[in-house]
Each structure stands twice: as structure tokens, then as C-alpha cells.
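Here are some notes to read alongside the structure.

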Amino acid sequence: MRSVQAADLSLPEDALLELWTPMHLERLARTYWRFLTRVTAGLVRVAYGESERTVVLVARPLKLLTFDSPEYELDGERGVVRWRIKRGMLVARHGRGGHGHLQIEVRRLDPTASGEARVHIEVEVANFHPAIASGFGRRIYNATQAKIHAFVTNGFLRSLARLDLAESKVGLLAR
């Protein structure tokens, strides 16, 4: 399965210059997880481990998705944070092991006519193999997990207009 939600965001050029750092890319990633927890009223949370991130339903025994630690890329035009999918209750056995991923990509666009900076933000789930994706399960997946993911992600993208980036739980790129 592949799913992409995207949005363009306009902001003052000085704000973009301030935000275009590795630390803020890490904070953008944390903001995604914070949004997921908030929109689910705390039922879905992210547990941080040394080498993984686990999306849990209420507590750790109910591991919905486990990802490798995030990978970061940042240059003058593009920033990416990617989590490779390791395992979890929502992942088919053949989809485990890091072949699929969740990714947030930010790309600079040409400024607006009035000189405002613009960025294009995409949240992509690629090569995801849901546990319920065959036969009748595919319809269930399309009616539930896929729709929930799109709803949550579109809400997250709309929330970025506030530029309220969460503090990182790990702080790997804060230095």
C-alpha cells in the first residue's frame, strides 16, 4: 500500500530561514507523533526506545506499529525524516523488516508574488503491507486504517500553519 497526503504552506522568509535546521526537522517529526496522540485523545501513543519508535494502543503490550529510529536528510532545498516499518499488529508478516516506511518530506518552493516563502510538505506511507489486506480484508483496510491515516495526516498538515513545533523527546539533532 502507498498513501500520500500533501499541503503547501506559505510563511515569512525569515521564519523559514529560522526553521530550516536539523533541530527543527526533528521537531517536525515529533509534532507528527504529538498530533497523533492528541487527535486520538491519548489512546494512541508513541513509545520511544533507543533504536525504535513504537505506536501503541494505550500501552506497550498493544504494539500497533514499530519503526526503526528516524533517518534524517536535510539540504538547502529538501528535508526528510523517515521511519522504516519493522513490525506490529497492523503489519503483515511479509511486510516486516524495514521494507516499508513512513516519511515526512519538506521541499522549498518558489516564493509567492508578494515574496512569502513557500514549502511543500508530504507525508507518505510506502510499501506498507497491512495485516488485513487480502480479499475481504482489503475492503476493511480501505474503509478503516487507510481512511483514519488520511484523516489524521490531513489534520496534521493543517495544524502546521500554526508553526507550533513540539520539542523533541530525543533531542538528537538539537546540538
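1. Start with the contacts. Among contacts in the chain with a separation of 6 or more, 56% are between residues 24 or more positions apart. Please keep in mind that this is a predicted model.

2. Next, the secondary structure. The chain has four helices and eight strands. Along the sequence they follow the pattern β-α-α-β-β-β-β-β-β-β-α-α. The radius of gyration is 16 Å, close to the 16 Å that the globule rule gives for 175 residues, so the chain is as compact as a globular protein of that length. The C-alpha trace spans about 50 × 35 × 30 Å along its principal axes.

3. Then the inside. Of the 175 residues in the chain, 45% are buried. The largest nonpolar core holds 35 residues, and Trp-33, Val-55, Ile-104 and Phe-156 have the most contacts inside it. Two or more residues each are given to this core by several elements, including strand 1 (3–11), helix 2 (22–39), strand 7 (101–109) and helix 4 (145–159). Helix 2 supplies the largest share, seven residues.

4. Val-55 deserves a look of its own. Which residues is Val-55 in contact with, leaving aside its neighbours within four places in sequence? They are Trp-33, Leu-36, Val-44, Arg-45, Val-46, Leu-62, Lys-63, Leu-64, Leu-65 and Phe-67. One of these, Trp-33, is also among the residues with the most contacts inside the core.

5. The chain carries 26 positive and 19 negative side chains. The centres of these two sets lie 12 Å apart.

6. Last, the backbone. Most residues other than glycine have a negative phi. Ala-41 has a positive phi, near 55 degrees. Ala-41 lies in the loop between helix 2 and strand 2. Is Ala-41 buried or exposed? Its relative accessible area is 71%, and the cut-off for exposed is over 50%, so Ala-41 counts as exposed.

7. Asn-127 also has a positive phi near 55 degrees and is a residue other than glycine. Its place is in the loop between strand 8 and helix 3 (136–143). With a relative accessible area of 39%, Asn-127 is partly exposed.

Terms used
Residues are numbered from 1 along each chain as its sequence is written. This is a predicted model: local features need pLDDT of at least 70, side-chain atom pairs count only at pLDDT 80 or more; totals for chains, interfaces and linings use all residues. Side-chain values use heavy atoms; hydrogens and water are left out. A nonpolar core is a set of buried Ala, Val, Leu, Ile, Met, Phe, Trp, Tyr and Cys residues joined through side-chain atoms within 4.5 Å. Buried means under 20% relative accessible area, exposed over 50%, partly exposed in between (1.4 Å probe, protein chains only). Contact means heavy atoms within 4.5 Å. The radius of gyration is taken over C-alpha atoms; the globule rule is 2.2 Å times the number of residues to the power 0.38. Lys and Arg count as positive and Asp and Glu as negative; His and the chain ends are not counted. The place of a charge is taken as NZ of Lys, CZ of Arg, CG of Asp or CD of Glu.
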